Amino acid sequence: MRFTVLSIFPDMVDRAFRTGVTGRAAGEGLIELDTVNIRDYSTNSYGSIDGYSYGGGAGMLMQCEPVYQAYGEALKRLRERRRESGEAEPEEPVRVIYMTPVGEVFTQRRAEELSKEKELIFLCGHYEGIDERVIDEIVTDRISIGDYVLTGGELSALVVMDAVARLIPGVLKNDESAETESFNTGGLLEYPQYTRPDEWHGRKVPDILLSGDHGRVDNYRMHEMRRVTRETRPDLYMKYMEERGIF
Ligand code: ADE
């Protein structure tokens, strides 16, 4: 997977991406990140890329042309990377994801769908947003990471890239972990887990987990997944039960 991020804070994205699991996967060539600084494509000598909103209202908007030029640069670099690695040009245009609270809310299902792509471009807005015309011109998907407003799209692009990257074969070392975690358990949340020591601050690991009886452990974990989901996400629990015809 080749990720490209269009942003005015490329270092923020780069630093976070190159830390931890995604950083290691990038080092191994399983995923790639390129960033394009939108500010490099300012159309004036002050280096500004924003303007007032027509019709009034507080805040500044990112202008069309710098965003469009940054996108052009991203496409050019992608073509170069494909040529270097002897890959054919894709039949479909590369998807461009605009990170915005005015988008479809990101889910594990969406992460799975995006992980099938070979390349993705993320557009990160700032200020009060981006001139709608360039969004209409280049964007294929609008994604929100939740019903709250961040100062920019960088953190949300990182969230989406992280969730997508861990689904790419080889990125997680233990192949199982992507399978058994929350949202891959038929819609239930994950059970609580424990490691050594078996007693800490007077709190004991549940006896069943020390019993060595795999059948009982599996039953116990299933029971815990249901309990945790019912208590913390009744909406998910209802969905889970409905899908099984229980309600
Ligand atoms: N940019 C600002 N807020 C956001 C959100 N909730 N999701 C995605 N991008 C954003």
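Begin at the ligand and select Thr 100: one of its backbone N or O atoms lies 3.2 Å from a nitrogen atom of the ligand. The model on display is a predicted one.

**Stop 1: the ligand and its shell**

Next select Leu 150; here a polar backbone atom is 3.0 Å from a nitrogen atom of the ligand. On its own the ligand has 260 Å² of accessible area, and the protein covers 96% of that area.

Now display the residues that surround the ligand: Met 99, Thr 100, Pro 101, Ile 143, Ser 144, Ile 145, Gly 146, Tyr 148, Val 149, Leu 150, Gly 152 and Ser 156. Colouring by residue class divides this shell into seven nonpolar and five polar residues, with no charged ones. Strand E5, residues 95-105, and strand E7, residues 141-144, each contribute at least two residues to the shell. E5 provides the largest share, three residues.

**Stop 2**

Two of its members, Tyr 148 and Leu 150, were already selected at the ligand, as both belong to the surrounding residues. Leu 155 is found in helix H6, which spans residues 154-165. Its relative accessibility is 47%, and Leu 155 therefore counts as partly exposed.

**Stop 3: salt bridges**

Side chains of opposite charge can pair when their charged atoms come close. Across the whole structure, a search finds 24 salt bridges.

Select Glu 32 and Arg 2, whose side chains meet in a salt bridge with an N to O distance of 3.1 Å. Because Glu 32 lies in strand E2 (residues 32-37) and Arg 2 in strand E1 (residues 2-7), the pair ties together parts that are 30 residues apart in sequence. Glu 32 is partly exposed, at a relative accessible area of 23%, whereas Arg 2 has 9% relative accessibility and counts as buried.

Which of the two categories, buried or partly exposed, applies to Glu 73? At 16% relative accessibility, Glu 73 is below the 20% limit and so counts as buried. Arg 77, with a relative accessible area of 24%, is partly exposed.

Finish with Glu 104 and Arg 110, a salt bridge in which the closest N and O atoms are 3.4 Å apart. Glu 104 counts as partly exposed at 48% relative accessibility, while Arg 110, at 11%, counts as buried.

Conventions:
Residues are numbered from 1 along each chain as its sequence is written. This is a predicted model: local features need pLDDT of at least 70, side-chain atom pairs count only at pLDDT 80 or more; totals for chains, interfaces and linings use all residues. Side-chain values use heavy atoms; hydrogens and water are left out. A residue is near a molecule or strand if one of its heavy atoms lies within 4 Å of it. A polar contact is a pair of N or O atoms within 3.5 Å; within protein, one must be able to donate a hydrogen and the other to accept it, and residues adjacent in sequence count only if both atoms are side-chain atoms. Accessible areas come from the Shrake-Rupley method with a 1.4 Å probe; for residues, only the protein chains shown count as cover. Helices (H or I, at least four residues) and strands (E, at least two) are DSSP runs, numbered from the N terminus. Ala, Val, Leu, Ile, Met, Phe, Trp, Tyr, Cys and Pro count as nonpolar, Asp, Glu, Lys and Arg as charged, and the others, Gly among them, as polar. Buried means under 20% relative accessible area, exposed over 50%, partly exposed in between (1.4 Å probe, protein chains only). A salt bridge is a side-chain nitrogen of Lys or Arg within 4 Å of a carboxyl oxygen of Asp or Glu.
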